[in-house]
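Subject: Structure handover

Hello,

Here is the structure I promised to pass on. My notes follow below it.

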Amino acid sequence: MVGAAIGSFINVVADRLPEGKSIVSPPSHCSKCQYKIPATDNIPIFSYLWLRGRCRNCGATIPQRLLWVELGTAILFAFLYWHYGLGWELALVVLYCCLFISLLLIDLEHSILPNKIVYPGIIIALAIASLGSIFGFEPSDIVGGGFRLWIVNAAIGGGIGFGILFVIALISRGGMGWGDVKLAALIGLVTGFPLVFLAMFLGIVGGGLTAAILLLAKLKSRKDAIPFGPFLSLAAMVTLFWGSNILNWLIPYLSPHS
Ligand SMILES: [Zn+2]
């Protein structure tokens with residue numbers, strides 16, 4: 001239920017932030033007839049089903065994305081609770097997932113990665129890693145790589161993420177935007193070293209394969225820009241949840257002695 005409610009909030013962010021509108025006011029309303037949606041018609045998941053995806057006042061269709069995001073975050077948060085248990089690591093991962101899901105949706109629909117989300121994300125990630133270093137706590141899944149301080153680990157990860165996509169952006173001459181480069185820095189700060197390499201690899205391979213499939217299936221032409229942020233965001237979340245497991249599984253194959 002918490003996941004569905006947060007999904008509902010993410011929908012509001014994804015709708016209003018790219019248009020420069022406030023995310024807190026005015027309250028939820030139909031985008032067509034401005035009808036103010038009463039609380040009883042604003043229940044995540046259920047209201048969409050109950051109203052059969054239409055405004056009660058004017059009958060305009062409500063975008064299906066609202067339902068899928070609410071359902072998706074509800075399922076994701078149930079998974080996160082099962083995976084992390086109650087605690088500060090759960091809160092941290094929930095926070096980062098909200099950032100990445102918002103960026104994923106906005107980049108999919110508007111082909112932009114707003115600084116209004118990426119910059120605060122970078123500041124939050126730096127602040128949390130600094131606090132963890134000062135007070136001596138660090139997430140078991142997120143850090144590794146033999147650096148004693150979380151903030152050092154995070155900063156190196158952020159630098160590597162930024163560096164990799166900066167080089168790709170220079171080579172691709174506009175194929176990869178600067179928004180992607182800044183997002184990569186945020187992802188590196190969040191995943192740290194060495195997991196940032198896995199996140200970048202998954203994002204680049206996932207985006208590349210999807211672009212190839214869309215081109216081959218003639219669903220997109222070479223002129224169409226395929227946003228890269230959604231793949232980076234998905235890769236960041238996969239790396240947060242399973243990165244250590246994937247790396248542990250890969251290490252025997254990467255080592256020349258085994
Ligand atoms: Zn309406």
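Trp178 first: this residue is partly exposed, at 47% relative accessible area. Please keep in mind that the model is predicted.

Aromatic pairs

The structure has 10 aromatic pairs. In one of them, Trp88 and Trp150 sit with ring centres 6.2 Å apart and planes at 50°, so this pair is tilted. Trp88 belongs to helix α4 (residues 88–110) and Trp150 to helix α6 (residues 150–172), so the pair ties together parts 62 residues apart in sequence. Trp88 is partly exposed, with a relative accessible area of 38%. Trp150 has 4% relative accessibility and counts as buried, since the cut-off for buried is under 20%.

Phe166 and Trp178 form another aromatic pair, also tilted, with 5.6 Å centre to centre and 45° between the planes. Phe166 lies in helix α6 and Trp178 in helix α7 (residues 178–191), so this pair links parts that are 12 residues apart in sequence. Phe166 counts as partly exposed, at 32% relative accessibility.

There is also an aromatic cluster, formed by Phe79, Trp82, Phe241 and Trp242.

Zinc site

Which residues coordinate the zinc ion? They are Cys30, Cys33, Cys55 and Cys58, each through SG, at 2.3 to 2.4 Å. Along the chain, the donors follow the spacing C-x2-C-x21-C-x2-C. The four donor atoms subtend angles of 106 to 113° around the zinc ion, which makes the arrangement tetrahedral. For reference, the ideal angle for four tetrahedral donors is 109.5 degrees. Cys55 is buried, at 9% relative accessibility, whereas Cys58 is partly exposed, at 38%.

Best wishes

Key:
Residues numbered from 1 in each chain as written. Predicted model: local features only at pLDDT ≥ 70, side-chain atom pairs only at ≥ 80, totals over all residues. Heavy atoms only, no water. Donors = N, O, S within 2.8 Å, 3.2 Å for Na, K, Ca; no water. Tetrahedral: all angles 85-135°; square planar, octahedral: opposite > 155°, others 65-115°. Buried < 20%, exposed > 50% of the residue type's maximum accessible area, 1.4 Å probe, protein only. Phe/Tyr/Trp six-rings, centres within 6.5 Å; stacked < 30°, edge-to-face > 60°. Helix = DSSP H or I, 4+ residues; strand = E, 2+ residues; numbered from the N terminus.
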